[in-house]
Amino acid sequence: MGRMSARAVPAPLAQLPNALTVLRLLLIPLYIALIVVAAGGRSWPAAIVFGVAGVTDQIDGFLARRWHVESQFGKIADPLADRLMIDAAVILLWNAGRLPWAALAIPLRDVLLLAGYKPAVARGYTFEVNFLGKTATWLLYAALAFVMVTHKGADWPLWIFWAGFALAGAALAQYLWKARREVRV
C-alpha cells in the first residue's frame, strides 16, 4: 500500500477542519463564563479555553489547505469564530481593567469589517484572510492569553498585544485597498 496523498482524505476526516471551527464557536460561551467569574480578568481556566481556541484556529486552516478541503463555510466561519473569540476577550479584559480603552478599536474594526462584508462581496469583492491578518490573529491570541495568566500591571503581554493591534490595523488597510480595487461601483 502506498502513502495516502494529500487529496485522498476519507470523507468523514475531510469534515475535521469545519468541526474544529464549530468547536471554536462553541468554546466562546465557555470562555465568557470562565472569564466573567474570574477575579480581575485573571484566570488559568479561561486562558486554557482561549488557548485551545487559538490552537484549533491553526490546525483547522492547516488541515483544510493540506487536504484541499477548503469550504465556503470554513472561509466565513473560521475568521468569524476568531473575531468573536478575540472580541469577547478584548471587551471582557477591558471591563476587568486589564486592557486600556484603546484596545476596543479591535472589536470596532471587526464590526466595521462585518458590516462591509456583504455589500462588498455583492459588488465583486472576494474575501481572503491575508498574511497580516493571520499574524495579527496569532499575536492577539497569544497576548490575550498571557494577559489572562499574568498579574495586573505586567507590561510584556501588552507589548505583544500592541504588535497584534498594529498588524490588525495594517491588515484592515490591505483589505480596504483590495476592496477599492475589486468592488464594482
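**Note on the helices, rings and core of this model**

1. Phe161 and Phe165 are four residues apart in helix α7, so about one helical turn separates them. A helix here is a DSSP run of H or I with at least four residues; a strand is a run of E with at least two; both are numbered from the N terminus.

2. This is a predicted model, in which local features need pLDDT of at least 70, side-chain atom pairs count only at pLDDT 80 or more, and totals for chains, interfaces and linings use all residues. Residues are numbered from 1 along each chain as its sequence is written, and side-chain values use heavy atoms, leaving out hydrogens and water.

3. How confident is the prediction? The chain has a mean pLDDT of 91, and 95% of its residues reach 70 or more. (pLDDT is the predictor's confidence in each residue, from 0 to 100.) In the chain, confidence is highest in α2, at a mean of 97, and lowest in helix α1 (residues 11–14), at 86. Over residues 1–5, pLDDT stays under 50. For that stretch the model has two contacts beyond four places in sequence. A contact means heavy atoms within 4.5 Å.

4. Which rings pair up? There are six aromatic pairs in the structure. Phe146 and Trp156 form a tilted pair, because their ring centres are 4.9 Å apart and their planes stand at 55 degrees. Rings of Phe, Tyr and Trp (its six-membered ring) pair if their centres lie within 6.5 Å; planes under 30 degrees apart are stacked, over 60 edge-to-face, and the rest tilted. This pair links distant parts of the chain. Phe146 lies in helix α6 (residues 131–149) and Trp156 in helix α7 (residues 156–182), ten residues apart.

5. Both partners of that pair are partly exposed: Phe146 has a relative accessible area of 33%, and Trp156 has 40%. Buried means under 20% relative accessible area, exposed means over 50%, and partly exposed is in between (1.4 Å probe, protein chains only).

6. Back to Phe161 and Phe165. Their ring centres are 6.2 Å apart and their planes are at 40 degrees, so this pair is tilted. Phe161 is buried, at a relative accessible area of 0%. Phe165 is partly exposed, at 24%.

7. Two further ring features deserve a look. Tyr31, Phe50 and Tyr141 make up one aromatic cluster. The charged end of Lys178 sits over the ring of Tyr125, 4.5 Å from its centre. Such a charge is NZ of Lys or CZ of Arg within 6 Å of the ring centre and within 35 degrees of the ring normal.

8. Which residues have the most contacts inside the largest nonpolar core? They are Tyr31, Phe50, Leu93, Leu99, Leu144, Met148 and Phe161, in a core of 30 residues. The elements giving two or more residues to this core are α2 (16–36), α3 (44–67), α4 (72–95), α6 and α7. α6 gives the most, with nine residues. A nonpolar core is a set of buried Ala, Val, Leu, Ile, Met, Phe, Trp, Tyr and Cys residues joined through side-chain atoms within 4.5 Å.

9. Leu99 shows this packing well in the viewer. Leaving aside residues up to four places away in sequence, Leu99 touches Val90, Leu93, Trp94, Leu144, Val147, Leu158 and Phe161.

10. Check the length of α7. Its 27 residues should span 39 Å at 1.5 Å a residue, and its end C-alpha atoms are 39 Å apart, which agrees. The expected span is 1.5 Å times one less than the number of residues. Buried residues of α7 include Leu158, Phe161, Ala168, Tyr175 and Lys178. Among the elements that cover the buried residues of α7 are α4, α5 (105–122) and α6.

11. Where are the two aspartates Asp110 and Asp78? Asp110 lies in helix α5 and Asp78 in helix α4. Asp110 is buried, at 6% relative accessibility. Asp78 is buried too, at 16%. Not counting residues up to four places away in sequence, Asp110 touches Arg83 and Asp87. On the same terms, Asp78 touches Thr21, Arg24, Asp57, Asp60 and Phe73.

12. Finally, Val183 lies in the segment after α7. Not counting residues up to four places away in sequence, Val183 touches Ala120, Arg123 and Tyr125. Val183 and Asp78 are 105 residues apart in sequence and 23 Å apart in space, C-alpha to C-alpha.
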